[in-house]
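My notes follow in the order I took them.

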Amino acid sequence: MASPNPTPQSVITTNPAIHGGEPILTGTATPVRAIAELWNQGMPAEGIPLHLPHLKLDHVFAALHYYLGHRDEVDKFILANRIPEDLVGKKFDPAIGKYS
């Protein structure tokens with residue numbers, strides 16, 4: 001019989017076709033870094049499903065468990081996906097190929 005509570009090993013996976021193979025929550029395209037970033041910004045784990053309603057709290061805790069065990073790896077993905085300061089708040093206009 002399957003365990004009713006997912007373990008980090010059963011919830012976290014990688015797929016080279018999704019986010020370049022970074023760790024994601026199984027069955028979603030939600031990267032562990034998304035949960036880690038919200039948590040690092042001070043959001044309690046219990047509040048994360050309010051912002052990402054497709055996730056259950058046990059999935060959030062599994063992602064945080066994974067993050068804390070693989071912090072250097074996930075922090076590299078966080079840094080690589082950070083929006084440069086000079087682009088924060090700007091919109092890209094594809095018609096002219098520029099930010100405004």
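Which residues in α2 meet which residues in α5? I listed V32, R33, A36, E37, W39 and N40 on the α2 side. On the α5 side I found R71, V74, D75, F77 and I78. Contact here means heavy atoms within 4.5 Å. By class, the residues of this contact divide into 6 nonpolar, 1 polar and 4 charged. I counted Ala, Val, Leu, Ile, Met, Phe, Trp, Tyr, Cys and Pro as nonpolar, Asp, Glu, Lys and Arg as charged, and the others, Gly among them, as polar.

**Basis.** This is a predicted model, where local features need pLDDT of at least 70, side-chain atom pairs count only at pLDDT 80 or more, and totals for chains, interfaces and linings use all residues. Residues are numbered from 1 along each chain as its sequence is written, and side-chain values use heavy atoms, with hydrogens and water left out.

**Confidence.** I checked pLDDT, the predictor's confidence in each residue from 0 to 100. The chain has a mean of 88, with 91% of its residues at 70 or more. Helix α1 (residues 8-11) is lowest at a mean of 71, and α2 is highest at 96. Where pLDDT is low, the predicted coordinates should not be read in detail.

**Helix geometry.** Helices are DSSP runs (H or I, at least four residues) and strands are E runs of at least two, numbered from the N terminus. Axes are lines fitted to C-alpha atoms, for helices over the stretch in contact, with angles from 0 to 180 degrees between N-to-C directions. The axes of α2 and α5 (residues 71-80) lie 9 Å apart at an angle of about 90 degrees. The pair is therefore roughly perpendicular (65 to 115 degrees; under 35 is roughly parallel, over 145 roughly antiparallel, the rest oblique).

I then took α2 (residues 32-40) with α4 (residues 57-69): the axes come within 9 Å and cross at roughly 85 degrees. That makes this pair roughly perpendicular too. The contact of α2 with α4 has 10 nonpolar, 1 polar and no charged residues.

**Core.** A nonpolar core is a set of buried Ala, Val, Leu, Ile, Met, Phe, Trp, Tyr and Cys residues joined through side-chain atoms within 4.5 Å. The largest has 20 residues, and V32, V60 and V74 are among those with the most contacts inside it. α4 gives the largest share, 6 residues.

**T30.** I found T30 in the loop between β2 (24-25) and α2. T30 is buried, at 10% relative accessible area (buried is under 20%, exposed over 50%, partly exposed in between; 1.4 Å probe, protein chains only).
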